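Thanks for making the time this morning.

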Amino acid sequence: MQIDFVKRWLSRILVALTVSAVYLYGYPSATISYFVVDLFHVAIGIVFTILLFFYVVRLLRHKSLLARLGWISLAAGSLLGIWLIKIGTPLRLRPWLYAHIALCVLGTFFLATSWLSSKGWLGDGVLRRGFGFAALTLVTAGIAAGTWWTREVAWKNANRISNPLMPAETMDGEGDGPQGKFFPSSAQTKHGGNIPSKYFMKSDACQRCHADIYKQWDSSMHHFSSFNNQWYRKSIEYMQEVAGVRSSKWCAGCHDPALLYSGLFDTPIKQIVDRPEARAGLGCLMCHSIVEVKSTMGQGDFFLEYPKLHELAASENPFVRKLHDFVVRLNPEPHRRTFLKPFMRADTAEFCSSCHKVHLDVPVNHYRWIRGFNEYDNWQASGVSGQGARAFYYPKSPMNCADCHMPQVLSNDDGNVNGLVHSHRFPGANTAVPTANQDQAQFEFAKKFLQDKQLSVDIFAISPAEKETNAPLRSEIGRPELSTTFAVGEESDMSLPKGPSGEIRPITAPIDRTDAAVRRGDDARVDVVVRTRKVGHFFPGGTVDAFDVWLELQATDEKGQTIFWSGKVEDDGKGPVEPGAHFYRSLQIDGHGNPVNKRNAWATRSVVYVHLIPPGAADTAHFRLHIPENAGDKITLHAKLNYRKFTWFNTHFSFAGIEQPDLLAITSLRNRIKTTPDYDDRQWAFNGDTSKVSGNVKTVPDVPIIVIAEDTKTLRVLPHDASVPQPKTVSTKEDWTRWNDYGIGLFLQGDLKMAAAAFEKITEADSQNPDGWTNIGRVLVQEGDTAGARKVLEKSLAIDPRLARTNFFYARALKEDGDYDGAMTHLRTVLEQFPRDRVVRNELGRVLFLQKRYADAVKEFEQTLSIDPEDLQAHYNLMLCYNGLGDDAKANEHKARYLRFKADESAQAITGPYRQTHPEDNNERQAIHEHVSVALAPARTKKAITARASTQSVTRERTRSGGSK
């Protein structure tokens with residue numbers, strides 16, 4: 001009698017456990033109902049196990065084999081469940097969870113089969129029972145599969161990032177629009193309201209389970225994204241002073257969650273800068289509360305959600321906290337689903353693009369749409385992503401943001417996978433904030449990252465210098481970089497002007513293979529190649545108007561004389577970089593021609609130059625070296641790629657910058673408005689009070705200069721009356737990438753003839769290397785020599801018929817020759833391998849348009865917009881296609897977007913006066929240019945002084961950088 005009673009209750013409990021288990025496994029969510037069911041499952045599971053423990057022997061008597069197997073499986077599963085209650089089910093223990101599930105499912109299945117068989121519901125006879133058993137198996141498998149699909153597939157499909165095909169016509173259509181709480185940031189909250197500031201300030205609650213990750217984050221730049229970072233603090237204080245509080249919300253969407261989403265950011269920051277919310281930075285719950293990324297257009301284009309149950313985790317009540325932690329350890333899936341959406345892993349780069357890509361428009365800059373910094377597009381179009389078809393180089397396997405900036409590190413934290421977690425130090429290039437914070441560990445971490453063979457420097461070639469002239473070696477006309485604040489790379493096919501360019505010069509290269517020599521009294525041109533190797537975006541990345549990144553070249557002889565120095569730093573290496581250096585940056589100016597050097601990108605009205613290196617590419621810099629008569633017998637060339645996180649001016653402005661009223665009083669500006677959102681004509685002194693600046697250093701910090709890469713080569717020095725050294729080149733298979741890098745740098749600056757000559761050296765060393773032929777073909781296509789291009793590209797195709805980059809340039813040559821069908825065939829070969837290359841999509845769409853197949857062309861251009869809704873070429877061509885189809889409404893929609901994203905060409909007129917007064921910057925603006933030495937001691941070299949009549953002093957640099965008119 002008692003055993004029957006126990007069996008009935010065990011059966012009822014088993015049914016309840018089964019139903020709750022299906023719900024818990026298939027529909028995990030951070031809700032009160034799920035929380036209650038979780039605890040209910042645990043409680044009745046304990047009761048079930050206790051009853052089973054006392055009655056299992058009696059239950060096994062006089063039972064069928066299936067029933068015995070069922071009770072044994074359930075007993076094993078129950079005991080394992082009790083153990084899991086104690087140890088939890090984090091990722092590293094998930095196999096035990098699935099063992100528990102499998103044993104319990106198997107036991108329930110056996111008992112159900114036995115019970116149905118005893119009732120005769122499976123039929124009589126072996127055959128009918130077999131069919132009945134099969135049916136029960138299918139039902140069980142169907143329930144299991146359906147539950148798994150709901151848990152895994154449906155969940156992931158519902159959490160992917162996709163782009164709209166039609167972006168907003170104006171910034172007012174982004175985010176919540178002008179009436180929104182957070183506008184002009186594109187960020188939104190799911191419920192449309194504010195989120196309590198304390199929510200973003202509870203990162204310490206996370207360290208109970210994620211101690212290693214919390215410690216990493218605590219020193220990271222995400223932690224110091226807000227007003228605990230003096231550089232950022234000053235930029236926002238300055239922006240609010242000049243452009244107003246509302247426009248600065250554009251920054252706050254990604255930098256200041258505790259202030260913006262709570263409503264505190266409506267108050268000028270100077271009034272609340274000492275509040276804890278202003279110093280919270282980007283805590284754990286900022287990134288991990290993003291539940292939807294609306295596009296890859298950036299500036300916070302996401303939805304945040306405030307999970308109410310978080311209040312349990314952050315509760316001050318120890319019992320509530322322990323109960324929360326117990327449930328999370330027992331079943332971490334709802335917690336994971338709340339704070340780790342599938343797109344954070346599957347679409348990592350797209351997720352990061354929501355803050356690491358921006359544009360500015362009227363509500364921010366009172367001007368028009370311009371591109372701000374953009375790490376996503378150039379990565380997406382490059383070989384690093386595995387999505388770009390036309391790259392010069394490809395890594396062994398595609399890489400995304402997390403591969404470099406969140407590498408896996410050892411950890412025992414809950415959530416580790418095989419003892420590894422993704423580093424939340426977010427290794428990057430910021431050495432300034434750790435310096436101000438006196439955080440040596442974080443500084444060394446950033447320094448190590450910068451010096452981890454990210455780039456290389458190669459002093460590669462030398463040649464006789466041409467006669468000095470004031471005319472540029474190549475005009476900047478037609479360079480699209482001048483129409484944007486950022487560089488233009490493989491995401492665009494408009495990076496170079498068309499037509500023949502350059503001339504072939506006699507060179508000696510590589511220098512270390514040819515025993516290169518120079519003569520006293522002569523001038524020589526030294527070519528130095530800088531290549532991006534492990535960089536997945538443009539170098540430098542980020543806010544490229546704010547850094548000091550430059551290539552330094554110094555020449556010394558065995559006597560200890562310095563006979564050449566370009567890129568010298570004033571004040572014994574602590575001051576500004578000499579203005580004639582070879583910089584990697586974006587130099588922007590405001591409406592009055594003042595440099596944008598105060599992190600005031602919203603004041604940008606034109607660009608003097610943008611000089612960055614694409615991922616998997618190279619830059620070739622040219623230096624004019626004079627060999628003095630008193631030079632020794634050997635010259636040592638030493639090139640260094642230097643990095644200082646912020647410019648000398650920006651650091652001093654951020655920590656001690658104050659307006660100079662005395663200077664203003666004696667200038668002609670005193671009767672005019674000196675600052676508006678369009679310009680700032682004020683001058684600045686750097687003697688402000690630093691006692692209250694953010695950070696541990698209460699003075700202007702000396703931001704270290706990091707040598708990212710360097711190279712040294714030697715030259716023999718011949719007497720003045722010796723024979724002119726003859727040019728000599730050596731090309732070997734081992735050196736093919738060096739010749740390739742040299743040619744890439746020349747090609748990207750438009751020196752096409754020399755680039756082709758460099759690429760030919762690859763074919764001489766190894767005629768079976770397709771890259772040499774392909775890159776010669778690139779040059780010839782750019783020059784417009786389609787017949788020559790087809791000839792060399794066919795040699796590459798003979799080696800590798802499916803090489804995507806070769807097929808692309810061959811298709812372009814065919815298109816120029818009018819062979820549209822042939823071009824489409826080769827373009828489709830490319831798209832089979834790289835379906836997300838926007839330039840290839842646009843090229844195919846253009847060919848279809850030329851064939852008047854407008855509807856087919858529309859499909860291709862819409863594919864482009866699914867990758868980048870702001871693609872200018874796609875909108876332009878869609879406008880033409882819809883005109884061809886007679887759909888004026890859609891044509892006008894795309895026309896409006898084209899005009900929005902199109903550059904303001906007239907803005908280049910602003911650069912004229914600036915370039916006249918800043919010849920060094922005008923020189924850097926030219927696509928092909930040379931750098932000369934700073935003035936050195938007269939006894940050492942007079943020619944250097946002749947080459948540069950006067951070198952700007954530190955004082956002049958400070959005045960120039962200060963924006964004086």
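Searching the whole structure, which is a predicted model, turns up one disulfide. That disulfide joins cysteine 254 to cysteine 355, with an S to S distance of 1.9 Å. Its two ends come from distant parts of the chain, 101 residues apart: cysteine 254 sits in helix α9, residues 249-255, while cysteine 355 lies in the loop between α17 (348-353) and β4 (357-360).

As for its geometry, the torsion about the S-S bond of cysteine 254 and cysteine 355 comes out at about -85°, and the disulfide is therefore left-handed. The two partners also fall into separate accessibility classes, since cysteine 254, at 11% relative accessibility, counts as buried, whereas cysteine 355, at 22%, counts as partly exposed.

Now, what about cysteine 206, and how far is its sulfur from the closest cysteine sulfur? That closest sulfur belongs to cysteine 284 and is 3.9 Å away, which is too far for a bond, given that the cut-off for a disulfide is a pair of cysteine sulfur atoms within 2.5 Å. Cysteine 206 counts as partly exposed, at 21% relative accessibility.

Cysteine 404, likewise, is in no disulfide, and the nearest cysteine sulfur, that of cysteine 401, is 8.7 Å away from it. Is cysteine 404 buried or exposed, or something in between? With a relative accessible area of 22%, cysteine 404 is partly exposed, because buried would require a value under 20%.

Key. Residues are numbered from 1 along each chain as its sequence is written. This is a predicted model: local features need pLDDT of at least 70, side-chain atom pairs count only at pLDDT 80 or more; totals for chains, interfaces and linings use all residues. Side-chain values use heavy atoms; hydrogens and water are left out. Helices (H or I, at least four residues) and strands (E, at least two) are DSSP runs, numbered from the N terminus. Buried means under 20% relative accessible area, exposed over 50%, partly exposed in between (1.4 Å probe, protein chains only).
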